[in-house]
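Me: Please go through the aromatic contacts of this model with me, one question at a time.
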Amino acid sequence: MSRPNHMKAAPIFKQPATPAPSNPIPSSSPAFGTPAHPIRPFNVAPPAAKASILPVILPPATLRPLAFRTFTKKHSLTLTSSALQILATFIGRHCGTEWREEGLAERVLEEVAKGWKNRNGGVIVDGEGADLKDILKNLEGSMVGGRIVAARELSRQNSLVLGSSQNGEVSHTRLGIRPSLLGREDSQSSLGLSNLEVEDEEDDEGLRDPRKWLKVVDAFEQPRLVYNVGKKHFDRDTSKPSLLPQASHKTQVFRNRYNLIHQRLLRNESFQTPTFEASKPSLKRTSSSLATTQQAYKLTPIANLLGRNGTSHMLLGLLTISPTGTLAINDLTGSIALDLTHAKPIPEDGAWFAPGMIVLVDGTYEEDDHNAGGGLGGVGGVGGTIGGKFIGFFIGGPPCERRKVTLGLTGADGEGGLTAGGGFGWVDFLGVGSERAVGSKMRKLEQRLLRPSSVEEALGGRGRVVIIGEVNLDQPLTLQALKKLLGLYAAEPEEDTPMTFVLMGNFVQHAVMARGGSGGSIEYKEYFDSLAQTLSDYPTLLQSATFIFVPGDNDGWASSFSAGAATPLPRKGVPDMFTSRIKRAFATANAEAEKERGKKTDGEAIWTSNPSRLSLFGPTHEIILLRDNMTGRLRRTAIKFSSSTTTDEDEEMDLPSTPPPLPPAVSTNPAADMEIDTEIEAATSHVPQLAEDEVVSSDLHAARKLVKTILDQGYLAPFSMGIRPVLWDYASSLQVYPLPTAMVLADTEAPAFCVTYEGCHVMNPGSIVAPGRRGVAKWVEYDIRNKVGKVREAMF
């Protein structure tokens, strides 16, 4: 609508040239000159400006080249035939005859691809679901004359998954959004942080505290993701979880574990057949480690062993105990008896192998003499037991995958850019935003908030997490050690107070409420009341730090029926009725700070599940918290190989058989590097290195052995269901995929350690009261900036 000349009268004072349309509501105040017909809004375009579109029938084959260039080449997405048909119909109807000449179709495809990624729709764009239809429905309302007139607002709306009525609030909440406002119910809303302007937040003093970007993800609130083999992507499990699900869900737990490890193996270079090869790859091992690195391994399903007597194969399956008491290996196609009499573990004495773990076994299949024809026994059909046995010569865990490889990142430690394709960078694993949506902005925010201002601050400062294990409140020495520990940090300047204190159970030495030595529910509450009194002596810590409490197997309510045995994982936190006094102590400390200094503080106590996860700056930092005595369980259930020359537990840590190369360990080193080349350690010729016999201690070797086992399995409970029960519908919260930046494995039966393996820093604080040492408190201090921890000690 063109603006009228200033010399002419305004249009509202002119008599209408044509009769005004009828209005059922006449003017209510003719004396005051109220117009009978409302004045048009200022920015509304006249209806005459709308361009006409001549719809056409656009064949999908005609649109395919343009769609391939936009979706596949540019956005690394794959279109199904149904999605291509829907897009062709939409473009032909709304873009008309000018879809090619004016470039209208290309703009529509670009917006659809962006909207699909913002919705975390996966690599394959499927037209059968409702996501694509919703995107096109929102896009239709923003098109005039075949052109998109609100592309910028549309992309923000799609990324935030907001309705049209909420568009006015986007600009107000974009710069002042708090991490606590990110809804966990729909993790797609967290992708809206990709438009977050981090540089404009310096005026908000509340966001300068890095603790504001700390989020505790409870295992029962974590998104339940299932790997889809067909789409090769993760799908959200929308079914309602239950503590007593159907029996088929137990099978689904194994299926998800197997599919996740199987796709991880296929992404490994050792299992990718080269395009050009000089000779046919063989599964036969050679004495040269260099020859091993050039081989391309191939996995064989168990059902495909039928009729292949005497041939060599490599199997990937779950170690189980058959009903007859013998060892067997299962995969999704069947089961077969496993003979490990002559098997050699790889690396030798470098990892644990127990029933319930998914392993790689290389060996030969032998049929029974009376069953030379072969066949599936047991229940028959696919999934039954295969006659004969599989003689394993080598057994090893599936190689681990670094976090940056899983998320498709480049650069050292995943600090660089993003790869064009591959990886699961668009998947929101914790409900805090995906790496590709918010990773770069959160990383810039981290560098600004945690940047050390001096050399002294680089050694400590705000960016620290204090981890305390086995806080037995029924032991007087525990409270004495805790007072000494808190006193050290309370003496530091307030601006250098650690960000978080993590206190891990068991909070009582014996199973509470099970007639154990620690008393009942009344005594259990009194123990926490004494802890509240101890914490109240350090108000500065309560005002400026977040205290996180992780329960153990002896804590309520789970211990009331387990009597100290292994409880099902994950388990809920300590009930609120026992912790009310501690929460009151935090509220009192915050009220005193506001009264004295006129400044409101927000120190808090969080009672989370076991296991749980800490997210700092979105997907930039992920820390797993787990309390479990896993070392003792592995010693009781692990398979003992005849090739081992050890006879007792102390001799099991045979130093010459450790996987080379490993760097020397120093007792005062904050972290021992554990970077292991999985291809070299797969070789059969492990030459003992005498130099390591003098450097690597038995405690460090035991720590490396435990860490390698857990991270290679990618699962926090790699045992049979009878040994370590698991809640079937919440088993996805036990997956260690992708690898976190750090992991806390509180195990009192293992020595305290800090070990890095494949870029994941694993820490064990042990017990706060050092066993066998009188008056010594021990804990772990984790530096967020350097992603490294160290074991600290103090006399009390």
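**Aromatic contacts**

Reply: In this predicted model, the charged end of Arg633 sits over the ring of Phe719, and its distance from the ring centre is 5.2 Å.

Me: Which residue lies over the face of Phe220?
Reply: The distance to the ring centre of Phe220 is 4.0 Å here. A charge counts as sitting over a ring when, among other conditions, NZ of Lys is within 6 Å of the ring centre. The residue over Phe220 is Lys572.

Me: How many aromatic pairs does the structure hold?
Reply: Rings pair if their centres lie within 6.5 Å. By that rule the total is 22.

Me: How are the planes of Phe234 and Tyr737 arranged: stacked, edge-to-face or tilted?
Reply: The ring centres of Phe234 and Tyr737 are 6.3 Å apart, with 35° between the planes. Planes under 30 degrees apart count as stacked and those over 60 as edge-to-face. The pair is therefore tilted.

Me: How many residues apart in sequence are the parts that Phe234 and Tyr737 tie together?
Reply: Phe234 belongs to strand β7, whereas Tyr737 is in the loop between α20 and β22. The pair therefore ties together parts whose separation in sequence is 503 residues.

Me: Is Tyr737 buried or exposed?
Reply: Buried means under 20% relative accessible area. Tyr737 has 9% relative accessibility, so Tyr737 counts as buried.

Me: What is the angle between the planes of Phe271 and Tyr297?
Reply: Phe271 is buried, as is Tyr297. Their ring centres are 5.8 Å apart, and the pair is tilted because the planes are at 50°.

Terms used. Residues are numbered from 1 along each chain as its sequence is written. This is a predicted model: local features need pLDDT of at least 70, side-chain atom pairs count only at pLDDT 80 or more; totals for chains, interfaces and linings use all residues. Side-chain values use heavy atoms; hydrogens and water are left out. Rings of Phe, Tyr and Trp (its six-membered ring) pair if their centres lie within 6.5 Å; planes under 30 degrees apart count as stacked, over 60 as edge-to-face and the rest as tilted. Helices (H or I, at least four residues) and strands (E, at least two) are DSSP runs, numbered from the N terminus. Buried means under 20% relative accessible area, exposed over 50%, partly exposed in between (1.4 Å probe, protein chains only). A charge sits over a ring if NZ of Lys or CZ of Arg is within 6 Å of the ring centre and within 35 degrees of the ring normal.
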